[in-house]
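Let's take a walk through this structure together. Keep the viewer open as you read.

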Amino acid sequence: MTTTTDEPLAARAEAFSARLFEALVPAMELLCVELGVRRGLYAALERIGSATVSDLARETGIVERYAREWLEQQAAAGILEVAEEGDARSRRYALPAAHAEVLLDSESPYAMAGVGSFLVGMTDVFDAVVDDFAKGEGVAYHRYGAAVRDAISSLNRPGFSLAMEEWMQSAADLDERLRTRPSVIVDAGCGTGWSTLALARTYPLAHVIGVDLDEASVEDARANLAETDLGDRVEFVRADAGDAEALRRAVPGPIALGTVFEALHDMNGPIRTLRALRSLLAPGGAIVIGDEKVADEFTPDGDFLERLNYGFSVLHCLPATIAEGQDEANGTVMRAPTVERWAREAGFTRFEVLPIEHELWSFYRLGTD
C-alpha cells in the first residue's frame with residue numbers, strides 16, 4: 001500500500017482546523033460579555049461615563065486585577081473604547097452609546113445581552129446532554145435554569161413589545177375583530193409573559209391568558225405583570241397547553257385568538273397542543289404561530305439560520321422536549337411543511353404563511369373557516 005499527499009484534502013483539513021480554533025474567540029467573548037452583564041460592569045461604565053481600573057473596581061466592588069484584565073479584554077475585542085490613553089492604571093475606558101443600547105436597554109430592537117446567558121445555561125447541563133444521547137430520556141427544561149430562561153426572555157422581549165401590533169395587523173380581519181369586540185386570547189407557551197402583555201396592550205378589549213408548563217417561567221410572568229396596570233385583563237396559568245381538559249379549566253369560554261410564539265417547536269406532542277387550542281376556538285377564531293425561520297427542506301452546508309437553529313436544537317430544545325413525554329419531539333428546526341402537517345392532523349382546514357418580515361421567525365395562521 002502506498003500513500004500520497006492529497007493537497008486538496010490537506011487544505012480542507014487545515015481550513016476546518018482553523019475554523020474550529022477561531023470559534024474559541026467569539027465563544028470566550030460571549031462569556032466575558034455575560035460576566036460584564038452579571039457583575040453590572042457595563043451599567044457602572046454607563047453611570048460614571050469613563051473609568052480607570054480603580055474607578056470600575058471601586059464602583060462595582062470587584063478586585064482591581066480582575067477589573068484591569070476585563071477592561072483590556074473588552075477594549076481588545078472592540079466592545080469598549082479607550083477614552084483616554086495612559087498606562088495600565090491611568091488609562092480610561094468607556095462604553096460606546098450604541099453598545100450600551102445593545103447591552104443595557106431591554107426593549108431596544110437591538111437588545112442582545114441574553115446571548116451569553118444562553119451559552120452559559122447550555123454549558124451548565126452539557127454533561128447531562130452528552131449522557132442522554134445514550135438514554136433518550138431528555139434533559140428537563142428546568143434543569144437549564146435561570147440562565148436559559150432569562151436569555152429566552154430577554155432576546156424575545158423587544159420583538160413582542162415593539163412589533164406585536166404590526167404582526168397582528170397582517171391578519172386584518174382578525175385584528176379588526178379583536179379591536180372592536182371583547183374577546184378572550186390564549187397565549188400558549190407564554191414563558192415569562194412578554195408576549196401575553198404585548199397582546200393585552202395591543203387589544204384593550206381582550207382578556208388574555210398566558211399558559212406555560214414551566215413553574216419558574218409562570219412566576220416570572222406574574223412578577224412582570226405586577227409591574228404593569230394590566231392586572232384586571234391578564235392572568236398567567238401553569239398548565240400543559242396540550243392537555244385539552246386542563247386548558248378548558250384555565251380558559252373562560254371560547255377564544256377569538258390562540259397564539260404560540262417561539263414555543264411550538266418545544267412542545268412534546270405539538271399536534272395535541274394545536275388540537276386543544278382548536279377545541280376552544282370561537283367561530284371565525286384563529287391560531288397565530290411565530291417560530292423559527294428555516295428552509296422548507298434539509299440541505300447540507302446550511303445557511304446561518306440552519307446552523308443557529310440546529311445548534312440550539314442539539315444542545316437545548318430537543319433534549320428539553322424529549323423530557324416532556326413520549327409524543328413527537330421536533331426540536332428547534334420547525335419547517336413550514338411540518339407545521340402544515342400538524343395543522344391538518346389537528347383538524348384545521350386553513351393554513352396560511354403570514355406576510356410578516358422577520359429576520360429569525362416565520363408566522364402562520366391556522367383556522368377552520
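Which helices do the buried residues of α7 pack against? They pack against α2 (24–38), α8 (126–132), α9 (145–169) and α15 (304–322), where a contact means heavy atoms within 4.5 Å. Within α7 (residues 114–124), the buried residues are Gly114, Gly116, Ser117, Phe118, Val120, Gly121 and Met122. Buried means under 20% relative accessible area, exposed over 50%, and partly exposed in between, with a 1.4 Å probe and protein chains only. Helices (H or I, at least four residues) and strands (E, at least two) are DSSP runs, numbered from the N terminus.

A word on the source: this is a predicted model, in which local features need pLDDT of at least 70 and side-chain atom pairs count only at pLDDT 80 or more, while totals for chains, interfaces and linings use all residues. Residues are numbered from 1 along each chain as its sequence is written, and side-chain values use heavy atoms, with hydrogens and water left out.

Now to the sheet. Seven strands form an open sheet with mixed pairing, in the order β6-β5-β4-β7-β8-β10-β9; two strands pair if DSSP finds at least two bridges between them. Because β6 (234–238) and β9 (350–353) stand at the edges with a single partner strand each, one side of each is left without a neighbour in the sheet. Further in, β8 and β10 run antiparallel and are joined by six bridges.

The largest nonpolar core has 34 residues, and Val251, Val260, Leu264, Leu274, Ile289, Phe348 and Leu366 have the most contacts inside it. Such a core is a set of buried Ala, Val, Leu, Ile, Met, Phe, Trp, Tyr and Cys residues joined through side-chain atoms within 4.5 Å. Its largest share, five residues, comes from α14. Apart from this core lies another, of 33 residues, including Ala163 and Ile356.

Finally, the aromatic rings. Rings of Phe, Tyr and Trp (its six-membered ring) pair if their centres lie within 6.5 Å; planes under 30 degrees apart count as stacked, over 60 as edge-to-face and the rest as tilted. The whole structure holds eleven aromatic pairs. Trp167 and Phe261 form a tilted one, 6.0 Å centre to centre with 45 degrees between the planes. This pair links helix α9 to strand β7, 94 residues apart. Trp167 counts as buried, at 4% relative accessibility. Trp167 also forms a tilted pair with Phe363, at 4.9 Å and 50 degrees. Ring pairs link Phe160, Trp167, Phe261, Trp361 and Phe363 into a cluster.
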